[in-house]
Amino acid sequence: MKNSQYQGNRIINSVIRITGYSSVLFVLLILFFLLREGLPALGSTPLASLFSLRWYPIEGYFGIVPLILGSLLVTVIATLIALPFGICTAVFLAEVAPSWLRDILKPIIEILAGIPSVVLGFIGILVFVPFIRKFLDIPTGLTAFTGALLLGLISIPTIVSVAEDALNTVPGSYRQAALALGATQWQTIWHVTLPAAKSGVLTAVMLGIGRSLGETMAVMMVTGNAPVMPVHLNSIFAPVRTMTATIASEMGEVASGSQHYQVLFFIGIILFLLSLVINISASLVSTRSRGRAERLLS
Amino acid sequence: MRRFSPLVFLFILFLTACQAAVNSTAEVNAALPVETIENKGSDTIVNLALAWAEAYQKVDPHVAISVTGGGTGTGITALINGTVDIANASRRIKDEELSAALAAGYDPQEFIIARDAIAIIVNPQNPVDHLTPQQLSAIYKGEINNWSELGGDDLEIVRLSRETNSGTHVYFLESVIRLGNPKDDAIFSADTLLLPSSEGIIAEVKENPHAIGYDSLGYITDDVKMVAISSLENPADYVLPSIQSVNDNSYVISRDLYIYTLEPPAGVIKEYIDWLFSPEAQQIVRDLGFVPILKP
Amino acid sequence: MNATDLGKSKTIQAIGFSFLRLITAITAIPIIGLVIYIVVKGAPAISWEFLSAAPTNGMRDGGILPAIIGTIYLTLGTAIFSVPLGILAGIYLAEYASENLWTRLIRIAIINLAGIPSVVYGLFGLGLFVIFLKLGTSILAASLTLSIMTLPTIISTTEEALRSVPNSFRVVSTSLGASKWQTVRQITLPQALPGIVTGVILGLERAAGETAPILFTGATFFLPHLPSSPLDPTMALPYHIYVISTQIPGMPIQIQYGTVVVLLIFVLGMNVIATLIRSNARKKRQW
């Protein structure tokens with residue numbers, strides 16, 4: 001190889017190497033920035049106040065507990081809704097559906113994935129909120145449940161596609177062995193295939209949870225945004241305020257560096273850490289086989 | 001690479017279409033604006049600011065005014081950060097905001113550009129049509145929880161409010177919940193729904209017989225019912241909000257609407273602000289349901 | 001297993017399959033119903049004037065051209081920053097990196113970038129690009145914010161697309177004396193291009209539809225003229241939908257649905273193009 005070519009290669013290789021590290025750089029940058037702006041909240045606001053039960057920032061009430069619980073409540077209900085639908089649909093697509101049906105259904109699920117959350121929030125206000133109020137005969141349709149319904153819709157495509165991938169990765173020999181032993185397809189699915197794909201399915205669920213936790217627009221438009229402590233069972237059908245909606249609503253009004261600004265960034269840190277935990281667990285759980293994409297020999 | 005030529009072709013077509021669209025609108029904006037005024041803040045004022053911006057384009061096509069909402073708090077913060085020229089506010093600037101601006105080396109100027117009434121609204125099916133200020137305060141503090149306590153139906157009260165970044169919210173807190181008493185530290189009850197916009201309140205109130213909300217007069221539509229409010233001095237005299245009752249001070253929940261600039265206005269900003277006090281601009285105020293500063 | 005056991009199992013299976021069909025139908029049919037509902041309610045509002053004129057009468061009349069152009073600008077801006085960086089990073093992971101702790105760290109970082117809530121990106125963008133770098137509320141700040149958000153998608157799909165190219169291609173190229181970069185540029189990358197393009201389009205599709213990251217970094221309620229520089233704020237379809245459905249009294253419902261339809265066409269259109277590229281490539285695959 002000519003010398004100039006070799007030099008050119010060295011430069012290209014270095015550039016590529018640097019871009020490879022860029023993702024780490026960005027994560028660290030975001031973390032750094034959040035910490036820089038948010039940690040001072042621990043200094044300026046006494047912990048007792050920060051973890052009190054009332055959020056009313058313009059009068060100095062900075063209790064973030066109702067917000068954390070609000071996010072958790074909506075996320076948990078959303079997952080409970082999305083899980084059965086997501087997993088069953090994934091099983092149907094991977095194991096039962098004929099390929100022509102699969103070719104129709106997969107794009108439909110992907111359409112749901114593509115619908116922007118503000119559109120779902122829009123439909124939520126116009127259609128779901130009045131309907132839920134009348135149907136359940138409750139004072140208002142702006143509730144945690146309504147938000148959870150929308151979040152469930154948003155996380156279903158994630159659960160379906162990751163779980164379906166996981167099921168497809170289970171080697172055909174597993175299924176054949178079970179069938180050869182006399183099991184029906186149904187028994188095979190639930191006793192052999194699904195357990196074999198367990199880690200992938202678990203990953204799917206965790207990614208779905210992460211998606212729900214981080215959603216902003218849809219919940220901001222339909223949950224009522226009341227910073228109530230959601231501790232009773234019927235809090236599900238009462239308004240609630242999530243961490244994400246709080247940041248989005250109040251972000252613009254805070255003076256840079258003020259106590260309120262710091263607490264909002266602090267909430268951002270909490271969200272960042274929660275998603276970190278969920279995502280790292282998801283990646284530890286998932287089998288690192290890249291099945292259909294990996295071809296070492298061909 | 002041949003299989004990608006249709007894709008490349010489509011992409012180029014797409015870009016050309018974009019360019020054509022941009023060019024055609026550029027022709028429409030024949031005199032390309034020389035100056036932009038950035039205007040941000042109160043969601044109460046935002047539609048008024050929008051109407052003014054549209055009208056002012058005809059007055060002076062060389063000036064373009066960009067309008068955004070976000071709440072009074074947002075606008076004033078943007079002003080202090082130096083990212084907008086005019087901040088719209090539905091409450092007066094707070095002391096700490098003023099000191100922040102002064103500390104940053106600015107000399108904020110205040111202008112009252114219209115007046116406004118805060119209407120208390122309920123669902124048209126709700127029989128309750130008048131309240132005293134004390135009752136209103138008790139409702140929003142969470143002390144009265146059922147419409148039957150006020151002579152209405154046996155329905156749980158659902159309280160609606162704007163978000164805390166709204167000047168309207170702060171005004172309501174100080175003048176209604178605290179009845180104007182600066183030493184009072186009462187706040188909204190925790191289960192008050194904090195909706196991100198005035199229109200959101202209207203949407204819920206017109207749908208929901210349990211609901212009570214408050215909104216600027218400029219946002220009230222015929223789908224909701226206004227409640228007459230008495231005053232502390234004349235508790236038996238219930239008054240509905242209107243231009244008349246705001247101007248003669250018989251409706252107590254009235255307030256001024258402000259704009260703030262960083263410095264004493266000069267150049268195009270000064271011309272624009274001067275225009276806001278013209279009969280044409282004040283007619284727009286009236287058309288939108290607010291109360292003009294300029295009496296006819 | 002005797003005959004009755006087998007019969008019972010088959011019955012259970014039949015019931016089970018029907019149950020799965022039902023659940024899937026309940027999941028899939030509302031999606032179609034939703035899209036049809038929106039299109040039916042919004043299509044009447046769509047006309048050439050709607051697509052090419054600016055809003056008038058406080059947004060209640062006229063068209064949504066500035067929002068459409070704004071979304072296009074933001075999508076292009078996002079592409080400019082995220083596509084080159086993302087593809088190169090994907091090449092690094094697929095072709096250059098060895099499986100050590102450092103690489104593991106990079107992968108964890110990518111997964112985390114993908115999972116960060118969009119509003120946290122908004123916070124970050126506001127703090128870094130708008131305030132600290134003094135870009136103000138601008139197309140530039142919003143594009144940069146959206147780019148970092150889109151990066152993980154592009155990196156992952158690039159890596160996966162490259163990995164799906166059989167190793168034999170690389171082996172043959174190297175044995176003919178090509179350097180690693182030459183192999184990548186002339187052999188592996190072109191083979192992986194459909195997968196990469198699909199991933200890019202899907203990533204940009206998400207960026208086009210997001211509201212939270214642009215709320216305070218670039219979006220504005222009303223601009224009387226189209227943005228003339230990257231430092232101007234802009235209207236954008238997702239923000240416009242949020243505003244007209246929550247802020248404006250007396251907003252004709254048809255215009256709201258119409259705007260939603262336009263955004264859906266834009267976003268789902270990208271989806272369709274990506275799917276077509278993917279299935280087309282699958283047929284033409286050389287392995």
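How many residues does the contact take from chain B and from chain A? The contact takes 29 residues from chain B and 30 residues from chain A. The model is predicted.

**Interfaces of chain A**

- Between them, chain B and chain A bury about 2200 Å², and carbon and sulfur atoms carry 57% of that area.
- On the chain B side, Thr164(B), Ile187(B) and Ala190(B) contribute 22% of the area buried against chain A, more than any other three residues.
- The contact of chain C with chain A involves 90 residues from chain C and 82 residues from chain A.
- Chain C and chain A together bury about 7600 Å², with 76% of it on carbon and sulfur atoms.
- Within chain C, the residues that lose the most area to chain A are Leu20(C), Ile31(C) and Leu123(C), which together make up 8% of what that side buries.
- The size of an interface is often expressed as the accessible area lost when the parts come together.

- Chain A contains 13 helices and 2 strands.
- Its C-alpha atoms occupy a box of roughly 70 × 70 × 30 Å along the principal axes.
- Chain A has 298 residues, of which 57% count as buried.
- Among the contacts in chain A with a separation of 6 or more, 73% are between residues 24 or more positions apart.
- Chain A carries 17 positive and 12 negative charges, whose mean positions lie 10 Å apart.

- Strand S3 of chain B spans residues 86–89.
- Ile86(B) and Asn88(B) point one way from this strand, whereas Ala87(B) and Ala89(B) point the other way; all are buried.
- In a regular strand the side chains alternate between the two faces of the sheet.
- S3(B) runs parallel to strand S1 of chain B (residues 35–41), to which 3 bridges join it.
- Within that pairing, Lys40(B) has Ala87(B) as its bridge partner.
- S3(B) also pairs with strand S10 of chain B (residues 254–261), here in the antiparallel sense and over 4 bridges.
- S10(B) is largely enclosed by the rest of the structure, because 7 of its 8 residues are buried.

**Residues in helices that touch another chain**

- Phe85(A) belongs to helix H4 of chain A, which covers residues 65–96.
- Phe85(A) counts as partly exposed because its relative accessibility is 25%, a value between the limits of 20% for buried and 50% for exposed.
- Apart from neighbours within four places in sequence, Phe85(A) is in contact with Ile156(A) in its own chain and with Ile23(C), Ile26(C) and Thr27(C) in chain C.
- The C-alpha atoms of Phe85(A) and His260(A) are 40 Å apart, and the two residues are separated by 175 residues along the chain.
- Gly209(C) lies in helix H8 of chain C, residues 180–209.
- With a relative accessibility of 7%, Gly209(C) counts as buried.
- Not counting residues up to four places away in sequence, Gly209(C) touches Pro116(A), Pro238(C) and Val267(C).
- Although Gly209(C) and Val267(C) are 58 residues apart along the chain, their C-alpha atoms are separated by 6.9 Å.

**Loop residues with positive phi**

- Most residues other than glycine have a negative phi.
- Asn249(B), which is not a glycine, has a positive phi near 65°.
- Asn249(B) lies in the loop that connects helix H8 (243–247) with S10 of chain B, and it counts as exposed at 55% relative accessibility.
- Lys134(C) is not a glycine either, and its phi is positive at about 55°.
- Lys134(C) is found in the loop between helix H5 (118–132) and helix H6 (139–163) of chain C.
- The relative accessible area of Lys134(C) is 70%, so this residue is exposed.

Terms used
Residues are numbered from 1 along each chain as its sequence is written. Chains are lettered from A and ligands numbered from 1 in the order in which they are written. This is a predicted model: local features need pLDDT of at least 70, side-chain atom pairs count only at pLDDT 80 or more; totals for chains, interfaces and linings use all residues. Side-chain values use heavy atoms; hydrogens and water are left out. Buried means under 20% relative accessible area, exposed over 50%, partly exposed in between (1.4 Å probe, protein chains only). Two strands pair if DSSP finds at least two bridges between them. Contact means heavy atoms within 4.5 Å. Lys and Arg count as positive and Asp and Glu as negative; His and the chain ends are not counted. The place of a charge is taken as NZ of Lys, CZ of Arg, CG of Asp or CD of Glu. Buried area is the accessible area (1.4 Å probe) that two parts lose on being put together, summed over both.
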